[in-house]
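Me: I would like to go through this structure with you, one question at a time. Please keep to what can be read from the coordinates.

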Amino acid sequence: MAIDDNDALTKVVQKLDRLGYLEDSDRDAVRALPFEVKTAPKDHFLIREGDEATDCCVLLEGYACRTKTTSSGGRQIVSFHMSGDILDLQLLLLSRADHNIQAITDVTFASVPAADMRRIAQEYPRINEALWRDTMIDASVFREWVLNVGRRDSKARVAHMLCEFAARRVAAGLGSAERFELPMTQQQIADATGLTPVIVSRTLYELGQDGVILRDQNEVEITDWARFRDIADFDRTYLHSEG
Amino acid sequence: MAILFQPVTLATGTPDRDGMLVYRDGNLFAVLSRLSDIHTDLEGHLFVEAVFGRVPKRLLHTFETLEQFEEWLIASD
């Protein structure tokens, strides 16, 4: 689906509206931002660790992830991202990327100069608060991921990741929490949960045997949300969003 | 290096029940499982469930055959 210029900044306005209480003057300021709509293929790095970036990316279509790697090549996915997410808000204040951002599907994104984002944050307090809130929620999600990878067993880890993905899709207006297509591979789920692809495969099998999910290729249906949430130890409070 | 394999049954809670204890110089070094058909492309491969003690820096998790696992173990020593 092609995205025209009007749609692009509307997604940003919708995102900021979900994060705070914007007035028309704030929305107009966002719509007046300079930006460029770009596309990138699956697996493309939008930013690499160490890059000095001057633009902020707002994901418009598709899915991406943030990753960090050890010196021996071990990869950890530290978050997944979807339409409407501002991928590198940190570049408003920090000049160098400290992690990679990689597309996990073909993506469309709006590239906005960080200097202009910084300017409207300074000039419009409600926009500043919405961006600050977005950053705080990001931090909350990272804390939950540390807990997930550090202290939950493999079944709860994978189930929690799926619960979060489903809940965030709903909050972003991307569809149902009960049935969705998983854009990530088992290797990517493994990298996000600190497991191996074999353990992810085994865990998905067990969740199917438990009767809480049905899978057909990449399609996932959560058939018993209450039990699935219990298995996952999922409490959506940390997402700080409705939905 | 003396390597000894001992078949065991694993309580994984999944069809991946066929396993192997791997002894290196008389000490239990690793536990392997033979992957079942729930893993599609990897069915029949060996999966390293656990490794004890000095772990090779480049830890591979799956091997097509026991011979490949043994070669890797010797090369890592």
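Me: Which residues of helix α2 (residues 24–31) of chain A are buried?
Reply: This is a predicted model, in which local features need pLDDT of at least 70 and side-chain atom pairs count only at pLDDT 80 or more, while totals for chains, interfaces and linings use all residues. Residues are numbered from 1 along each chain as its sequence is written, and chains are lettered from A and ligands numbered from 1 in the order in which they are written. A residue is buried if 20 or more other C-beta atoms, placed from the backbone, lie within 10 Å of its own, exposed if 12 or fewer do, and partly exposed in between. By that count, the buried residues of α2(A) are Asp26(A), Arg27(A), Ala29(A) and Val30(A).

Me: Why can the buried residues of α2(A) be said to line one face of the helix?
Reply: An α-helix has 3.6 residues a turn, so residues three or four places apart point the same way. On the other side of α2(A), Asp24(A), Ser25(A) and Asp28(A) are exposed. The buried residues line one face because, seen down the axis and judged by the directions from the axis to the C-beta atoms, they fall within an arc of 160 degrees.

Me: What percentage of the 243 residues of chain A count as buried?
Reply: Chain A has eight helices and 10 strands, where helices (H or I, at least four residues) and strands (E, at least two) are DSSP runs numbered from the N terminus. Its radius of gyration, taken over C-alpha atoms, is 18 Å, which agrees with a compact globule of 243 residues under the rule of 2.2 Å times the number of residues to the power 0.38. Of these 243 residues, the buried share is 37%.

Me: What pattern does chain B follow along the sequence?
Reply: Chain B has one helix and five strands. Read in sequence order, these elements give β-β-β-β-β-α.

Me: How many residues of chain A are in contact with chain B?
Reply: Two residues are in contact if their C-beta atoms, placed from the backbone, lie within 7 Å. On the chain B side, 12 residues take part, of which four are nonpolar, six polar and two charged; here Ala, Val, Leu, Ile, Met, Phe, Trp, Tyr, Cys and Pro count as nonpolar, Asp, Glu, Lys and Arg as charged, and the others, Gly among them, as polar. On the chain A side, the number of residues in contact is seven.
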